[in-house]
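User: I've got a model open and want a quick walk through it. Can we start with the annotated part?

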Amino acid sequence: MNGWIFEEEQWSSGVRSVCGVDEAGAGPLAGPVYAAAVILPPHTEIEGLDDSKKLTERRREALFSVIQERALAWSVAFVEAEEIDRIDILNARIKAMQLAIDGLAVPAELALVDGNRDHGSLSALTTPHQLIVKGDSRSASIAAASILAKVSRDRFLTGVLDRAYPQYQFARHKGYGTKLHYEMLDQYGPSPVHRLSFLKKWERRR
């Protein structure tokens with residue numbers, strides 16, 4: 001991936017501190033939505049860096065620590081399921097992304113953000129930013145953020161929620177709406193970490 005085009009445009013205009021931002025876990029039925037922000041040194045070479053969705057779990061795990069080690073700054077944030085239900089997933093995604101930007105040890109002058117939405121009815125990105133559709137496959141900084149967000153969320157689902165609620169087998173489906181997950185919902189009903197606003201069709205069917 002020729003992943004520095006958008007960063008170079010900002011650097012050439014005088015912006016020095018550019019972070020990439022992405023989120024993970026907008027679609028699952030349970031657990032938080034995560035976001036990450038990453039500032040990479042210009043033209044840092046990280047072999048295999050790409051959109052997290054294009055990488056195997058093993059490769060994402062390997063890149064996770066490399067990104068953390070080489071980044072000038074990185075930050076991960078999340079919004080819990082209960083708040084997702086209260087403010088909706090769009091607002092939660094945007095809130096998580098801004099929290100991640102705010103958590104950077106090196107302040108970002110500008111954020112390169114994956115997607116085409118920068119505000120909802122209750123949340124908005126307040127850092128100067130550029131929206132990039134499919135940015136996780138076009139920007140090295142966003143790709144790095146996508147990996148940190150995805151791995152952080154997967155670790156939480158498999159390491160924390162799976163142990164707290166073993167009957168739902170979160171380690172197997174990571175909260176997504178798989179056949180197994182719906183079978184567990186049919187058997188046990190929703191847990192405190194399920195997004196009730198995502199279960200309306202299941203409730204009607206039940």
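User: How far apart are the end C-alpha atoms of residues 16-206, and what share is helix and strand?
Analyst: The end C-alpha atoms lie 54 Å apart. Helices (H or I, at least four residues) and strands (E, at least two) are DSSP runs, numbered from the N terminus. This is a predicted model, where local features need pLDDT of at least 70, side-chain atom pairs count only at pLDDT 80 or more, and totals for chains, interfaces and linings use all residues. Residues are numbered from 1 along each chain as its sequence is written, and side-chain values use heavy atoms, with hydrogens and water left out.

User: What does UniProt call residues 16-206?
Analyst: The unreviewed UniProt entry annotates them as "domain: RNase H type-2". UniProt positions are given in the numbering used here, feature names are shortened, and annotations may be inferred rather than shown by experiment.

User: Switching to charges. How many salt bridges does the structure hold?
Analyst: It holds 8. A salt bridge here is a side-chain nitrogen of Lys or Arg within 4 Å of a carboxyl oxygen of Asp or Glu.

User: Which residue does R93 pair with?
Analyst: R93 forms a salt bridge with E23, at 3.2 Å from N to O. R93 sits in helix α4 (residues 89-102) and E23 in strand β1 (residues 18-24), so the bridge ties together parts 70 residues apart in sequence.

User: Are R93 and E23 buried or exposed?
Analyst: R93 and E23 are both buried. Buried means under 20% relative accessible area, exposed over 50%, and partly exposed in between (1.4 Å probe, protein chains only).

User: What about R60, which residue is its partner?
Analyst: D154, with the closest N and O atoms 3.8 Å apart. R60 belongs to helix α2 (residues 57-70) and D154 to helix α5 (residues 140-164), so this pair links parts 94 residues apart in sequence. R60 and D154 are both buried.

User: Which residues share partners in a salt-bridge network?
Analyst: D51, K53 and D136 are joined into one network. Within it, D51 bridges to K53, with the closest N and O atoms 3.3 Å apart. D51 counts as buried at 5% relative accessibility. K53 is exposed, at 65%.

User: Which residues line the largest cavity?
Analyst: E57, R60, E61, V151 and D154. Helix α2 gives the most, with 3 residues.

User: And how much space lies in the largest pocket?
Analyst: About 300 Å³. Of its 16 lining residues, D22, E23, S52, K53 and D136 are the closest to the centre. Strand β1 gives the most to this lining, with 3 residues.

User: How do the pocket lining residues divide?
Analyst: Into 2 nonpolar, 4 polar and 10 charged. Ala, Val, Leu, Ile, Met, Phe, Trp, Tyr, Cys and Pro count as nonpolar, Asp, Glu, Lys and Arg as charged, and the others, Gly among them, as polar.

Definitions and conventions:
1 Å grid on protein atoms, 1.4 Å probe; cavity = no way out; pocket = protein on both sides within 12 Å on 5 of 7 lines; lining within 4 Å. Points joined across faces, edges and corners; volume = space filled by probe spheres on them.
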